[in-house]
Amino acid sequence: MSGHPNEVVTILLTNPTGASPDIFRKAVERAGLGDKVYTPPNRAMNMGDWPTLQEMIDSKRRLVVFLDYGADQNKVPWLLDEFAFMWETPFSQTDPNFSQCRVDRPHPNIETGNRFSLINHTLNLDFLPGDDEVLVPAAILAEKTNSRESIMRQVRLCQAAHGKTPNVVLLDYVDKGNVIATQNILNNLG
């Protein structure tokens with residue numbers, strides 16, 4: 001981050017084992033990033049309450065860290081509870097057309113307007129359909145999944161369903177397809 005002082009970085013960490021938030025704090029501090037982490041003034045902020053990217057750059061607090069489960073802002077104020085600030089679509093999709101943009105987490109009936117949105121645009125193959133599904137990332141289809149057409153189709157679906165462009169598009173195999181070119185389009189850079 002020192003080499004790119006005009007960039008804001010967001011990290012979304014997963015915590016499948018329920019590790020203590022202290023472990024994440026120690027890792028960020030050991031990496032020398034403790035003085036770059038953004039701490040919001042409120043534990044749950046609406047979209048309009050967030051600083052602009054330029055304000056974050058000027059404050060030198062350019063790293064935003066979310067944790068999916070186990071965040072405790074009383075212990076680590078900058079380690080943000082993902083679902084207090086955002087919602088996301090279902091993970092582990094098996095439909096190569098990504099023909100839905102429904103809210104999955106934190107729960108299907110959440111108000112989406114004042115939260116960041118994350119669409120899971122990751123394709124899996126189900127090797128045992130039914131109750132005992134065995135999902136494997138569809139690496140062989142990554143070029144098509146990560147094509148501009150595929151990503152933008154789901155983005156447009158989400159724009160229509162929720163009235164705004166998704167903030168985050170989660171992908172597997174980002175070295176395949178048209179990921180950077182599509183990112184630039186979504187960020188009005190190309």
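A crossing of two helices is termed left-handed if the near helix is turned anticlockwise from the far one by less than a right angle, and right-handed if the turn is clockwise. In the predicted model described here, helix H5 passes helix H6 in a right-handed crossing. The axes of H5 (residues 148-162) and H6 (residues 179-186) come within 9 Å and cross at roughly 35°. On the side of H5, the contact is formed by Arg148, Ile151, Met152 and Val155, and on the side of H6 by Thr182, Ile185 and Leu186.

Strands E4 and E5 run parallel and are joined by three bridges; glutamate 88 has leucine 118 in E5 as its bridge partner. Three bridges likewise join E5 to E8, again in the parallel sense. Here isoleucine 119 stands opposite valine 169 in E8, and asparagine 120 stands opposite leucine 170 in E8. In general, strands of a sheet pair through backbone hydrogen bonds, either parallel or antiparallel.

Strand E5 is mostly covered, five of its five residues being buried. Phe116, Leu118 and Asn120 point one way from E5, whereas Ser117 and Ile119 point the other way, and all are buried.

The link of cysteine 101 and cysteine 158 is right-handed, with 105° about the S-S bond. Cysteine 101 lies in the loop between strand E4 (86-88) and strand E5 (116-120), and cysteine 158 lies in helix H5, so the pair ties together parts that are 57 residues apart in sequence.

Both cysteine 101 and cysteine 158 are buried. For cysteine 158, the relative accessibility is 2%, and the residue therefore counts as buried, the cut-off for this class being under 20% relative accessible area. When residues up to four places away in sequence are not counted, cysteine 158 touches Cys101, Ile119, Gly163, Lys164 and Pro166. One of these residues, Ile119, belongs to the set of buried E5 residues described above. Cysteine 158 and glutamate 111 are 47 residues apart in sequence, and their C-alpha atoms are 14 Å apart in space.

A further open sheet is formed by three strands in the order E1-E2-E3, with parallel pairing. Its edge strands are E1 (9-13) and E3 (79-81), each of which pairs on one side only. Neighbouring strands of this sheet are turned by 30° against each other on average, with direction ignored.

Strand E2 (residues 63-67) runs parallel to E1, to which it is joined by five bridges. Within this pairing, isoleucine 11 stands opposite valine 65 in E2. Strand E2 also pairs with E3 in the parallel sense, over three bridges, and valine 65 has leucine 79 as its bridge partner in E3.

Strand E2 is mostly covered, with five of its five residues buried. The cover extends to both faces of E2: Leu63, Val65 and Leu67 on one side and Val64 and Phe66 on the other are all buried.

Notes
Residues numbered from 1 in each chain as written. Predicted model: local features only at pLDDT ≥ 70, side-chain atom pairs only at ≥ 80, totals over all residues. Heavy atoms only, no water. Pairing = 2+ DSSP bridges. Helix = DSSP H or I, 4+ residues; strand = E, 2+ residues; numbered from the N terminus. Axes fitted to C-alpha atoms, helices over the stretch in contact; angles between N-to-C directions. Contact = heavy atoms within 4.5 Å. Disulfide = S-S within 2.5 Å. Buried < 20%, exposed > 50% of the residue type's maximum accessible area, 1.4 Å probe, protein only.
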